[in-house]
Amino acid sequence: MSDDQSRRLLNQIGVLRDPCDLDLLVFFVRHPRVLLTSDQIAAFLGYEVKRLGDSLDVLVRAQLLTCMQTPTSSARMHVFAVDGPHDGWLPSLVEMASTREGRLALRAALIRRAHGRAPGPVARRERG
């Protein structure tokens, strides 16, 4: 898994800006229809509720996810847009994120992008 592959895929996807966005997207690919609260999803994925809420907003704005409030509980029905605006990148993302190495490379690329820097010698040594 190369840094270049990760960057290219993330550029193709375009909307992901944070590791939480990635983790949430992968969660919904694996569980396309769930009735859960944001608190429950945050607990499952290990993120703070605020950060998870920001990532939910990213996926909803990108039309990759819809959220519908249920009238009888605080849980929302979250539905992943299986036929949504993926432009062919979804299978590549699933394949890359299905391995620990791939997930780490994608997360590292997102972190570098957020901080506006390319991988340096320390980052290369840590992977190698």
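Predicted model: local features only at pLDDT ≥ 70, side-chain atom pairs only at ≥ 80, totals over all residues.
**Entry 1: helix α4**

Residues are numbered from 1 along each chain as its sequence is written, and side-chain values use heavy atoms, with hydrogens and water left out.

I then looked up the extent of α4, which covers residues 49-61, and found that its 13 residues reach 18 Å from the first C-alpha to the last, close to the 18 Å expected at 1.5 Å a residue; the expected span is 1.5 Å times one less than the number of residues. Within α4 I listed L52, S55, L56, V58 and L59 as buried. Seen down the axis, the buried residues of α4 fall within an arc of 155°, so they line one face of the helix; the arc is that of the directions from the helix axis to the C-beta atoms. An α-helix has 3.6 residues a turn, so residues three or four places apart point the same way.

Which elements do the buried residues of α4 pack against? I found α2 (19-30), α3 (38-45), β2 (65-69) and β3 (76-80), with contact taken as heavy atoms within 4.5 Å. Just after α4, I noted that Q63 takes a positive phi of about 60°.

**Entry 2: the whole chain**

I counted seven helices and three strands in the protein, these being DSSP runs numbered from the N terminus, with helices as H or I of at least four residues and strands as E of at least two. From the N terminus on, I read the order as α-α-β-α-α-β-β-α-α-α. Buried residues make up 38% of the 128 residues, and among contacts between residues at least 6 apart in sequence, 63% join residues at least 24 apart.

G102 and S6 lie 96 residues apart in sequence and 8.0 Å apart in space, C-alpha to C-alpha.

I found one aromatic pair in the structure. F27 and F28 form this pair edge-to-face, at 5.2 Å centre to centre with 80° between the planes; rings of Phe, Tyr and Trp (its six-membered ring) pair if their centres lie within 6.5 Å, and planes under 30 degrees apart count as stacked, over 60 as edge-to-face and the rest as tilted. Both F27 and F28 are buried.

How values were computed. Buried < 20%, exposed > 50% of the residue type's maximum accessible area, 1.4 Å probe, protein only.
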